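Terms are given with their cut-offs where they are needed.

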Amino acid sequence: MSENAPHLLVAALGGTIASTSNQSGGVAPALSGAEIAAAAGLDQVWPDLQADFTQVSQVSSANVTLDMLFDVRKLARTTEAEGIVLTQGTDTLEESAFALWLLNDSATHIAATGAMRNPTLPGADGPANVRAAALTALSSLSSELPSTLVFNDEIHDPRFVRKSHVTSTAAFSSGPVLGAIGWISEDTVRLPHRPTAEDASPFAGLSRPETLAKVALAEVGMGEPEETLTQMPARPASS
């Protein structure tokens, strides 16, 4: 292996990208980061790639926690890899990418990605997304940024990206004003709208709390009575 061989770490949290058939007839997260990356053809891009893999968790997107993302930040702080690909479920992918934008104070870029179609389906998009995320994570163009969200060959600023479609493989967008900050074309990273490094990692150095507060996210609709919010603190956590 060449001394200048690129070094990538794939950190896996589960999600659709890792899901495969189970005994109940459905699918559930089961594939490892190594298995996910194997289908991405990374050796076609870097024949001498050094790749490491770590299974941070194996959960659906709804069960990803901030505590897990502190584990990912610890990996970024301690790894010798030049970039990290984080794979997880898409329902909370934008939240994870945003949290890592705030928290990642290492010199290791984290490109977060996932899949809309699990590996058992025709046209599964996980391998292409992992390949695009790896290209982004190892690119010198993104090296000063703490994180990005990479999906469907588009690179998004985590501060503005949203999951805008529940089934399309083009599920993420950064509209209506900004749009994607870059893209991958024929294994080449294009990043013409790169944010400035001064905007990155505003919570750099933030210590990991011993416990994380439980914060409710309440969506209020037209005509919603005030009591809906005032009664929430008194309701049991299981309600």
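## Basis and terms

A residue is called buried when its relative accessible area is under 20%, exposed when the value is over 50%, and partly exposed in between (1.4 Å probe, protein chains only). This is a predicted model, in which local features need pLDDT of at least 70 and side-chain atom pairs count only at pLDDT 80 or more, whereas totals for chains, interfaces and linings use all residues. Residues are numbered from 1 along each chain as its sequence is written, and side-chain values use heavy atoms, with hydrogens and water left out.

Helices (H or I, at least four residues) and strands (E, at least two) are DSSP runs, numbered from the N terminus.

## Pockets

Rolling a probe the size of a water molecule over the atoms shows where empty space is left. The search uses a 1 Å grid over the protein atoms alone; a pocket is an open set of points where a 1.4 Å probe fits, with protein on both sides within 12 Å along at least five of seven lines, and lining residues have an atom within 4 Å of a point. Grid points are joined across faces, edges and corners, and a volume is the space filled by probe spheres set on the points. For the classes of lining residues, Ala, Val, Leu, Ile, Met, Phe, Trp, Tyr, Cys and Pro count as nonpolar, Asp, Glu, Lys and Arg as charged, and the others, Gly among them, as polar.

The largest pocket has a volume of about 430 Å³. It is lined by 21 residues, of which L66, E95, S96, F98 and A99 are the closest to its centre. Two or more lining residues come from each of helix 3 (66–78) and helix 4 (93–103), and helix 4 supplies the largest share, seven residues. By class, this lining has 13 nonpolar, four polar and four charged residues. The second largest pocket, with a volume of about 270 Å³, is lined by L66, E95, L212, A213, V215, A216 and L217. Six of its lining residues are nonpolar, none is polar and one is charged.

## Salt bridges

Side chains of opposite charge can pair when their charged atoms come close. A salt bridge is a side-chain nitrogen of Lys or Arg within 4 Å of a carboxyl oxygen of Asp or Glu; the whole structure has six of them. In one, the side chains of R208 and D67 meet at 3.0 Å, N to O. This pair links distant parts of the chain, 141 residues apart: R208 is in the loop between strand 12 (188–190) and helix 6 (227–230), and D67 is in helix 3. R208 is partly exposed, with a relative accessible area of 34%, and D67 is also partly exposed, at 34% relative accessibility. D67, D71 and R208 are linked in a network of salt bridges.

D105 forms a salt bridge with R77, with the closest N and O atoms 2.8 Å apart. Here D105 is in the loop between helix 4 and strand 6 (109–113), while R77 is in helix 3, 28 residues apart. D105 is partly exposed at 29%, and R77 is partly exposed at 43%. A further salt bridge joins K163 and D91, whose closest N and O atoms are 2.7 Å apart. K163 lies in strand 9 and D91 in the loop between strand 5 (83–87) and helix 4, so this pair ties together parts that are 72 residues apart in sequence. K163 counts as partly exposed, at 23% relative accessibility.

## Surface patch

F160, V177 and L178 make a nonpolar surface patch of about 320 Å². Patches are made of residues with over 30% relative accessible area and no salt bridge; like charges are joined within 9 Å, and nonpolar side chains (Val, Leu, Ile, Met, Phe, Trp, Tyr) within 5 Å. Accessible areas come from the Shrake-Rupley method with a 1.4 Å probe, and for residues only the protein chains shown count as cover. F160 is in the loop between strand 8 (154–156) and strand 9 (162–163), where it is partly exposed, with a relative accessible area of 40%.

## Backbone features

The peptide bond from G175 to P176 is cis, with omega near 0 degrees. P176 is in the loop between strand 10 (172–173) and strand 11 (182–185).

N152, although not a glycine, has a positive phi of about 55 degrees. N152 is in the loop between strand 7 (147–151) and strand 8 and is partly exposed, with a relative accessible area of 36%. D187, again not a glycine, has a positive phi of about 65 degrees. The loop between strand 11 and strand 12 holds D187, which is partly exposed at 34%.
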